[in-house]
Amino acid sequence: FIMVRPIQTIGDHNPLLDLISEHSSMLLVRDSSNPERIIMSQYDDTYPKIDYRLRVNLIGGAEEKGDINPRYTLERELMEEISYSEGKNFAPKNFIDQLRDEIISSFNYHGTFQSFFLSYEGGLRKNYASIDTTFISNISNESFNQLENFLKQGLKIVTEGNITTLRLEELKIATKLAAWDSGKIISDIYQTPIPNPDNVFCTKLKIPELQDYKKLRNFFSFNN
């Protein structure tokens, strides 16, 4: 493997200073019989960054203490978030458990992306960087349809935030807007342009899936 050097310039910014950085695991869930039907997270209208409100985002989250590798992080996030909560307006527990297990058992590595998010007025207060290890899960058409029906009934599937079903065309024509680097990653998956916020710079790294965070940190550093 070749060490990826810290990026010194992004656009007109030279250099990027005071980076906040993290490693994240990201997931695109889609209908195996129609891959342009997809499932994503969606921010609500109270999200602190106003221009990201109601935008969609890939499912997943950041590395936490005790996580072994990006795949472990994603499994932990799915176990925590796609779960039933008693006494709330949730879909049936057996469906939620089955959906989560199906998603976990079917996800495959797609690629690793190095992304930079530049600070902007009313949004990010500091420049931000992320290594995003990205996976794809293809679930059955039956599970996708059941999920969509439960969401139409106003029933919850996740304990944190919201998820939504959409069609790739909605992202392409910007009926649905992507948050963070989700648009750029989906552009790579489908090889088609997807609108994305202007403050995001994203590069796919030519590496295989890395199996532990110690090695990941040996390869990538955002600081000099």
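Q: Which residues have the most contacts inside the largest nonpolar core, and how many residues does that core have?
A: In this predicted model, the largest nonpolar core has 24 residues, and those with the most contacts inside it are Leu-27, Ile-39, Leu-78, Phe-95, Ile-103 and Ile-157. Two or more residues come from each of strand 1 (20-31), helix 1 (70-81), helix 2, strand 6 (128-139) and helix 3. Helix 2 gives the most, with 5 residues. Apart from this core lies another, of 16 residues, among them Met-26, Ile-136, Leu-171 and Ile-189.

Q: Happy to follow that. What does Ile-157 touch?
A: Leaving out residues up to four places away in sequence, its contacts include Phe-90, Phe-95, Leu-99, Leu-147, Phe-150 and Ile-163.

Q: How are two packed helices described?
A: By the angle between their axes and the distance between the axes. Here, the axes of helix 2 (residues 93-106) and helix 3 (residues 141-152) come within 11 Å and cross at roughly 135°. That angle makes helix 2 oblique to helix 3, and the crossing is left-handed.

Q: Which residues meet there?
A: From helix 2 come Phe-95, Gln-98, Leu-99 and Glu-102, which meet Ser-143, Gln-146, Leu-147 and Phe-150 of helix 3. By type, the residues of this contact divide into 4 nonpolar, 3 polar and 1 charged.

Q: And helix 5: is it mostly covered or mostly exposed?
A: Helix 5 (residues 182-190) is mostly covered, with 8 of its 9 residues buried. Among the buried ones are Ile-185, Ile-186, Asp-188 and Tyr-190. Look just past helix 5 too: Gln-191 takes a positive phi of about 55°.

Technical notes
Residues numbered from 1 in each chain as written. Predicted model: local features only at pLDDT ≥ 70, side-chain atom pairs only at ≥ 80, totals over all residues. Heavy atoms only, no water. Axes fitted to C-alpha atoms, helices over the stretch in contact; angles between N-to-C directions. Helix = DSSP H or I, 4+ residues; strand = E, 2+ residues; numbered from the N terminus. Parallel < 35°, antiparallel > 145°, perpendicular 65-115°, else oblique. Left-handed = near helix turned anticlockwise from the far one by under 90°. Contact = heavy atoms within 4.5 Å. Nonpolar A, V, L, I, M, F, W, Y, C, P; charged D, E, K, R; others polar. Buried < 20%, exposed > 50% of the residue type's maximum accessible area, 1.4 Å probe, protein only. Core = buried A, V, L, I, M, F, W, Y, C linked by side-chain atoms within 4.5 Å.
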